[in-house]
Amino acid sequence: MTTRNHDEGQFEQLIEELSHLSSYTIGRSTNNAIVLSNSRISGQHARLIQCTPDSFLLEDLGSKNGTFVNGTRLTRKVVDRTTTLELADIPFTVEQLLDFQKPEPPENPDTIPQVQSRPVSSPEATQNPLDFTTQFAELKRVFEQYPTLRKDCRNREKMVRTGSIILSSIIGVSSVLATGGSALPLLQIMSGAGLSMLLPTLCSTLLSTEEKIEIIDKEYRERYRCPNPTCRDPFGTREWDFLAKQKTCRRCQAIWIK
């Protein structure tokens, strides 16, 4: 096996491991991750599958009194932390449900991957508060990756291969090997690489193609905006190169290109 094929195989294995998404069962029985002591809630009522830090797939598990969002009984639906849902007739936000999780036993410190934190440098007093050139440059990856991920998520095997190519080109094999190949550091690296953080979700077998596309579209709309947090003007379908020629945000005057 050539070095290139070996490296791609390493990435594919890492993506395969990362594609096992966290899942939280919800119900009255004590063996659930989220236990709700109410007679109207079934023993195993529903579950939340975490797709991104803020997006989840809500799935009803054949409950007697149903799971609802906006008054509509559902089987599966993509939701976020602020979504209000009803288990039977009891309202919760997703964030509130997650607060009901059983506390996990402390891990052995020797088994926890150690991630060296980067020193945080204080901004220079003379730095222009409207300078968002670095953040705007990162949005180029978001724009470029979006159509590829959307197209390839229809085929899981192709998505895994695409993922290995994207990570190889953005991160590099040496960076992954430097982390010891562990999932936690790799996810932290991926989080700053456009839409690469979506790769585990898009490679998962737990979501349908339509659900994956919905999550891609949602994350794209949320990320592809003016990077000024007080503005967040959505860019929609406007090409990154076109926006770069504009150089500044016409709404808030944020500087994108110097």
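Visitor: How many aromatic pairs are there by the ring rule?
Guide: Bear in mind that this is a predicted model: local features need pLDDT of at least 70, side-chain atom pairs count only at pLDDT 80 or more, and totals for chains, interfaces and linings use all residues. Residues are numbered from 1 along each chain as its sequence is written, and side-chain values use heavy atoms, with hydrogens and water left out. Rings of Phe, Tyr and Trp (its six-membered ring) pair if their centres lie within 6.5 Å; planes under 30 degrees apart are stacked, over 60 edge-to-face, and the rest tilted. Go by that rule and the count is nine.

Visitor: What kind of pair do Tyr-146 and Tyr-220 form?
Guide: Their ring centres sit 3.8 Å apart. The planes are at 15°, so the pair is stacked.

Visitor: How many residues apart are Tyr-146 and Tyr-220?
Guide: Helices here are DSSP runs of H or I, at least four residues, numbered from the N terminus. Tyr-146 belongs to helix α3 (residues 133–152) and Tyr-220 to helix α8 (residues 209–223). The pair links distant parts of the chain, with a gap in residues of 74.

Visitor: What is the relative accessible area of Tyr-220?
Guide: Buried means under 20% relative accessible area, exposed over 50%, and partly exposed in between (1.4 Å probe, protein chains only). Tyr-146, at 19%, is buried. Tyr-220 is buried too, with a value of 7%.

Visitor: And what sort of pair do Tyr-224 and Phe-235 make?
Guide: Both sit in the loop between α8 and α9 (240–246), so the pair ties together parts 11 residues apart in sequence. Tyr-224 and Phe-235 are both buried. With ring centres 5.1 Å apart and planes at 80°, the pair is edge-to-face.

Visitor: How is α3 oriented relative to α8?
Guide: Axes are lines fitted to C-alpha atoms over the stretch in contact, with angles from 0 to 180 degrees between N-to-C directions. These two come within 11 Å and cross at roughly 165°. Angles under 35 degrees count as roughly parallel, 65 to 115 as roughly perpendicular, over 145 as roughly antiparallel and the rest as oblique. That makes α3, relative to α8, roughly antiparallel.
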